[in-house]
Amino acid sequence: MKNKKILKISGTIMIILGISILSVFGYKKISREIYLRKLLKENIIFEIPNLNIRIPVLEGTDNKKLAVSAGHFPDTGSPGKGNYCIAGHNSTIYAEVFNELDRIQKGDEMYLIDIDSSHTKYTYVVTDYIIVEPSAVEVLKDYGDNRITVISCTDDGKYRQVVTGMLKE
């Protein structure tokens, strides 16, 4: 009789503990989703439809910004002009914005949607996918054309994936 009572109490405690843990994770996921929706309303949006990527682009590439979204490298182009360079994590720890980037194909379309009054949509066509050393900052330079450069780590974190797309006129 005593063992049954102990098992019943232990089971109840485990159920309550399980529900509590699930509630915390659920709250975090819902909070993250609400924050992401807010960011999508207030920032430039980057999309790669073939990879189901739709994320806000925050200004700057510090760790705090890249932990939640993609970031625009300061002093690089603007939407539709110059070399607009963005970075994002390929990670299971941070924002998983570019985990599928290695599946991109030449010819895929990428979009930047500006938050200007008309919500201008710029279409870029993927022309190149390369792997470079982390020190290869030349991918950020202005090439005299209108392009987007998307940068993320490789799965092992040792190198950088670089996707280039040219503006479709």
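What follows moves from the overall fold to strand β4.

This is a predicted model, in which local features need pLDDT of at least 70, side-chain atom pairs count only at pLDDT 80 or more, and totals for chains, interfaces and linings use all residues. Residues are numbered from 1 along each chain as its sequence is written, and side-chain values use heavy atoms, leaving out hydrogens and water.

Along the sequence, the chain reads α-β-β-α-β-β-β-β-β-β, with two helices and eight strands; these are DSSP runs, at least four residues of H or I for a helix and at least two of E for a strand, numbered from the N terminus. The radius of gyration of the chain is 21 Å, well over the 15 Å from the globule rule for 169 residues, so the chain is more spread out than a compact globule. That radius is taken over C-alpha atoms, and the rule is 2.2 Å times the number of residues to the power 0.38. The C-alpha atoms fill a box of roughly 80 × 40 × 30 Å along the principal axes.

Now zoom in on strand β4, residues 83–87: five of its five residues are buried, so β4 is largely enclosed by the rest of the structure. Here, buried means under 20% relative accessible area with a 1.4 Å probe, counting protein chains only. In a regular strand, side chains alternate between the two faces of the sheet. In β4, Asn 83, Cys 85 and Ala 87 lie on one side and Tyr 84 and Ile 86 on the other, all of them buried.

Which strands pair with β4? Strand β3 (residues 70–72) pairs with β4 in the antiparallel sense over two bridges, and Gly 71 has Ala 87 as its bridge partner. Strand β7 (residues 147–153) pairs with β4 in the parallel sense over five bridges, with Arg 147 opposite Asn 83. Pairing requires that DSSP finds at least two bridges between the strands.

Notes
Buried means under 20% relative accessible area, exposed over 50%, partly exposed in between (1.4 Å probe, protein chains only).
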